[in-house]
Amino acid sequence: MAEKKETATKKANKKDAKQKATLPPSGFKVAVREILRSKSACIALIIIILILLFTFGGSLFLNRAQVTEMNIADAYYGWGEAGHLLGTDDGGRDIMKLLMMGGRNSIMIGISVTLITEIVGLIVGLISGYYGGAIDSVIMRIVDFVQILPQLPIIIVLTTVIRNYNAVTLVFLIAMFGWTTTARYYRSFILSQRDRDYVLASKTSGSSNLQIMFREVLPNITSMIIIEVVLTIAGNIGIETSLSYLGYGLPTTTPSLGTLIGFADDPVNVISRPWLWLPATILLLVISLSINYVGRALQRAGDARQREN
């Protein structure tokens, strides 16, 4: 009897081992595998980490009042002059310190806008795609109306009329239009999931619509959410930078990549004082490209995960 029990236990262990071996790897493992496979994605991820350490870590040791304080006597120092590694601007402010704080502000706004647009867009897309029919039609017509509005001119007008305009206001103004694209993106995935067997099985078992949406459907599009979040951050950083460059983004007293790039408006600065605008331009270009390379690797991971499932 003991031998039979031992044999049965061994068989059960082997069966469990086979089942574990056939289980697809987790989404995190697939993402790590795809990033490690791509040299460009690995380098891009390292660059992103270094930029975050430079902007967020470096700005911890800075005093905003001192960084933005003007000293005309130190105006327009060039590269490495008078102890200023990247020179100074027309107000004698250190470009390196402005770059740290400006990069942090632009990234923070990009992340904040992304969080708002992703949450709103995900909820709207989830409801629209899951219910379909008349609810889907009404929601999509609202989305269409918001999308045809001229986003940039409206934001510019609102920034000039809103009192006590600040970074928080800018975040909500950009997010006011950004959620529509996200809603359409998630709706398309939900439409492909709502008639799957696991959804129908949940309905027959008596689960409520909210339980099915958030407990069953939502986990199945997690990889798509991660991809969308990563790629959207780069786009929102670009939107904030464009508005600040035009003078309708962050207030002039708040450092931003856009305000630094704005020095390129003057032909004299473009030719004779490249230290004013070139570092911010390079930083914006590098972080945008790096995020896109990592996003592509995550997209491949999402595709591979779907195939393995």
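This is a predicted model: local features need pLDDT of at least 70, side-chain atom pairs count only at pLDDT 80 or more; totals for chains, interfaces and linings use all residues.
What about the inside? Of the 309 residues, 40% are buried.

Now trace the chain from start to end. How do the parts of the chain meet? Take the contacts between residues at least 6 apart in sequence: 71% of them join residues at least 24 apart.

In soluble globular proteins, nonpolar side chains tend to be buried together. In this model, the largest nonpolar core has 35 residues, and those with the most contacts inside it are Ile-95, Leu-99, Leu-260 and Ile-291. Which elements give two or more residues to this core? They are α3 (39-59), α5 (95-131), α11, α12 and α14 (278-308). Of these, α14 gives the most, with 8 residues. There's also a second, separate core of 20 residues, and Ile-139, Met-140, Val-143 and Val-146 are among them.

Skip its neighbours within four places in sequence, and Ile-95 is in contact with Leu-86, Gly-87, Thr-88, Asp-89, Leu-260, Trp-275, Leu-276 and Pro-279. You've met one of those partners already: Leu-260 is also on the list of residues with the most contacts inside the largest core.

Rolling a probe the size of a water molecule over the atoms shows where empty space is left. The second largest pocket has a volume of about 330 Å³. Its lining has 21 residues, and the closest to the pocket's centre are Arg-93, Thr-252, Thr-259, Leu-260 and Phe-263. Two helices, α11 (222-246) and α12 (257-261), each supply at least two residues of this lining. What kinds of residues line the pocket? They divide into 8 nonpolar, 11 polar and 2 charged.

One last stop is a loop. Between α4 (64-67) and α5 you'll find Tyr-76. Most residues other than glycine have a negative phi. Tyr-76 isn't a glycine, yet its phi is positive, at about 60°.

Conventions:
Residues are numbered from 1 along each chain as its sequence is written. Side-chain values use heavy atoms; hydrogens and water are left out. On a 1 Å grid over the protein atoms alone, a cavity is a set of points where a 1.4 Å probe fits but cannot get out, and a pocket is an open set with protein on both sides within 12 Å along at least five of seven lines; lining residues have an atom within 4 Å of a point. Grid points are joined across faces, edges and corners, and a volume is the space filled by probe spheres set on the points. Helices (H or I, at least four residues) and strands (E, at least two) are DSSP runs, numbered from the N terminus. Ala, Val, Leu, Ile, Met, Phe, Trp, Tyr, Cys and Pro count as nonpolar, Asp, Glu, Lys and Arg as charged, and the others, Gly among them, as polar. A nonpolar core is a set of buried Ala, Val, Leu, Ile, Met, Phe, Trp, Tyr and Cys residues joined through side-chain atoms within 4.5 Å. Buried means under 20% relative accessible area, exposed over 50%, partly exposed in between (1.4 Å probe, protein chains only). Contact means heavy atoms within 4.5 Å.
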